[in-house]
Amino acid sequence: MAKSLLTPPPTTLAPIPFEDLVAQASAALPDSLQETGPSLLVALDIDGTLLTADGASKAVVDTIERLQSAGANVVIATGRGVGATLPVLREVGIHDGWAVASNGAIVLRIVDGQHEVVSKRYFDPGPLIDQVAKHLPEAILAVEDDSPYYRVSRVFPPRELIEDFRIDDLEGLKSKPVTKLVVRMPGMSVEDFEARVNELDISNLSYAIGWTAWMDVNASDTTKAGSLEWLRAELGVPLTGSVAVGDGTNDMAMLRWAHHSVAMGGAVEQVRQCANAVTGPVDYDGAAAVMEAILRRTSIN
């Protein structure tokens, strides 16, 4: 599959043996967590959690397969749009189940490798696009709507936008409701970008800033957590059966939502504070270690 620059930079931490991470993850599992099976929902972020720049490791693919074989609901929960999520589902071996895309704005059902859009949440991007044009005129904009491609104000840096796209002017970008608006400032530091974003009035929208000067914007109260809670109820999973693993600011609500939540080793402190535990970075299969700990807990019990 095509790789992107959505994954964070390689870790600077010293190597951590996988078995040490599994032991750490096992110690953090609450006794109240449901047994592995249909009463368990494991929500997994993609970039910085499951994927490095080289894709998913064997450990990630193996533990996802074994969790699914045990009957657990393994759900991808990502900021990526549908077009960039589907290849990851294939890579990690999720051919049946559910996925939450675009930070919760889109819920997908997967059956025999084919996807069906179950729900979408839209908003009017016009007012924010006008603000960005005034305060951040150098920014690249992209909107996700019902088109089979993103519509962008100009070309993104190489390998950053995985989905197909078409160039459109600002009036075109504002012309219809969207599920996500992306604001990108190549060459600007995250700190400077955050300062510029603070000049915008986005109090009525949901947004998250990543490792670079990139901001995803969604409709008000749209989060991965909101869609996962709907899915939890839909599947009949108890509150004590929810697990979430992530590393980004767009994972914070999801980590607060889950009965047991784990931040990746590459997560910043504000993300870590939302979780019950911290695992190793994606480079050392931190997410796979959490899944392995869940699998071993079941075999012991």
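Helices (H or I, at least four residues) and strands (E, at least two) are DSSP runs, numbered from the N terminus. This is a predicted model, in which local features need pLDDT of at least 70 and side-chain atom pairs count only at pLDDT 80 or more, while totals for chains, interfaces and linings use all residues. Residues are numbered from 1 along each chain as its sequence is written, and side-chain values use heavy atoms, with hydrogens and water left out.

**Stop 1: a residue in strand E13**

Select methionine 215, which is found in strand E13. Methionine 215 counts as buried because its relative accessibility is 0%; buried means under 20% relative accessible area, exposed over 50%, and partly exposed in between (1.4 Å probe, protein chains only). Next, display its contacts, where contact means heavy atoms within 4.5 Å. Leaving aside neighbours within four places in sequence, methionine 215 touches Leu181, Val182, Val183, Phe193, Val197, Leu200, Ile202, Tyr207, Ala208 and Ile209. Valine 190 is 25 residues from methionine 215 in sequence, and their C-alpha atoms are 10.0 Å apart in space.

**Stop 2**

Select residues 140-144, strand E8, where 5 of 5 residues are buried. Ile140, Ala142 and Glu144 point one way from E8, and Leu141 and Val143 point the other way.

Alanine 142 has valine 152 in E9 as its bridge partner. A hairpin is formed by E8 and E9, with 5 residues between them.

**Stop 3: the open sheet**

Follow 8 strands in the order E7-E6-E5-E4-E1-E14-E15-E16, which form an open sheet with mixed pairing. At its edges lie strand E7 (114-120) and strand E16 (277-278), each of which pairs on one side only. Inspect strand E1 (residues 41-44) beside strand E14 (residues 242-246): these two pair in the parallel sense over 4 bridges. Leucine 44 is placed opposite valine 245 in E14.

**Stop 4: helix H3**

Select residues 82-92, helix H3, in which 8 of 11 residues are buried. The buried residues of H3 are Val82, Ala84, Thr85, Leu86, Pro87, Val88, Leu89 and Val92. Glycine 93 follows H3 and has a positive phi, near 90°.

**Stop 5: the two domains**

Color the protein chain by its domain assignment: domain 1 (18-120 + 222-296) and domain 2 (125-218). The contact between them takes 17 residues from domain 1 and 14 residues from domain 2. Their C-alpha centres lie 26 Å apart. The bounds come from an automatic or database domain assignment.

**Stop 6: the second largest pocket**

A pocket is an open set of points on a 1 Å grid over the protein atoms alone, where a 1.4 Å probe fits, with protein on both sides within 12 Å along at least five of seven lines; lining residues have an atom within 4 Å of a point. The second largest pocket is lined by 18 residues, of which Tyr207, Ala208, Ile209, Thr249 and Asn250 lie nearest its centre. Strand E12 (206-209), strand E13 (214-218) and helix H8 (252-257) are the elements that give two or more residues to this lining. E12 gives the most, with 4 residues. Domain 1 and domain 2 each supply at least three residues to the lining.

Methods:
Pairing = 2+ DSSP bridges.
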